[in-house]
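Hello,

Here is the structure I promised to pass on. Please have a look at it first, and then read my notes below.

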Amino acid sequence: MDDKKEYREQMERAEALPEEYRAVFNKIHRHIWSFAGGDGSGMLETQKELLELFEESAANGRNVLEVTGEDVVGFSDEFIRNTEKWTDKYRKNLNRDIMNKFRKEL
């Protein structure tokens, strides 16, 4: 329940961002959450960090593309690099399965 409350609070804060930041935040939000793993708490923390970065940058008068650069997907992927993703479990299992099958042959 606390995570749901935190999520709602973050989304309310996102709505208060200047228009350009809000638009980019919403696009990044949809992108990064498509990779959420586990219970999503890691992605919630990452989203909080993104929100704080955007709030601070907007308060300092920076253009949103000064923060993200022109490769917004690359920025997003780098931002979630250390966050648990559903693909992490898949990659771990794939590597484990292949090593278990072929390690004996090496």
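Leaving aside its neighbours within four places in sequence, which residues is Thr-68 in contact with? Thr-68 touches Val-24, Ile-28, Phe-54 and Phe-75, where contact means heavy atoms within 4.5 Å.

Before the rest, a word on the source. This is a predicted model, in which local features need pLDDT of at least 70 and side-chain atom pairs count only at pLDDT 80 or more, while totals for chains, interfaces and linings use all residues. Residues are numbered from 1 along each chain as its sequence is written, and side-chain values use heavy atoms, with hydrogens and water left out.

Now the overall picture. The protein has six helices and zero strands, and along the sequence the pattern reads α-α-α-α-α-α. The radius of gyration is 17 Å, well over the 13 Å that the globule rule gives for 106 residues, so the protein is more spread out than a compact globule. (Helices, H or I with at least four residues, and strands, E with at least two, are DSSP runs numbered from the N terminus; the radius of gyration is taken over C-alpha atoms, and the globule rule is 2.2 Å times the number of residues to the power 0.38.) Along the principal axes, the C-alpha atoms fill a box of roughly 60 × 35 × 15 Å.

Of the contacts with a separation of 6 or more, 71% are between residues 24 or more positions apart. Buried residues account for 27% of the 106 residues; buried means under 20% relative accessible area, exposed over 50%, and partly exposed in between, with a 1.4 Å probe and protein chains only. The protein exposes about 7,500 Å², and carbon and sulfur atoms supply 50% of that area. (Accessible areas come from the Shrake-Rupley method with a 1.4 Å probe; for residues, only the protein chains shown count as cover.)

Next, the inside. In soluble globular proteins, nonpolar side chains tend to be buried together. Here the largest nonpolar core has 16 residues, and those with the most contacts inside it are Leu-17, Tyr-21, Phe-25, Ile-28, Leu-50 and Phe-54. Helices H1 (2-15), H2 (19-33), H3 (41-59) and H4 (64-68) each give two or more residues to this core, and H2 supplies the largest share, five residues. (A nonpolar core is a set of buried Ala, Val, Leu, Ile, Met, Phe, Trp, Tyr and Cys residues joined through side-chain atoms within 4.5 Å.) Beyond its neighbours within four places in sequence, Tyr-21 is in contact with Phe-54, Ser-57, Ala-58, Arg-62, Asn-63, Val-64 and Val-67.

Back to the residue I asked about. Thr-68 is in helix H4 and, at 7% relative accessibility, counts as buried. Glu-20, in helix H2, is partly exposed, with a relative accessible area of 35%. The C-alpha atoms of Glu-20 and Thr-68 are 12 Å apart, and the two residues are 48 apart in sequence. Not counting residues up to four places away in sequence, Glu-20 touches Arg-62, Asn-63 and Val-64.

Two other residues for your notes. Lys-27 is also placed in helix H2 and counts as exposed at 57% relative accessibility. Asp-39 sits in the loop between H2 and H3, where 62% relative accessibility makes it exposed. Asp-39 is 36 residues from Asp-3 in sequence, with 9.5 Å between their C-alpha atoms.

Best wishes
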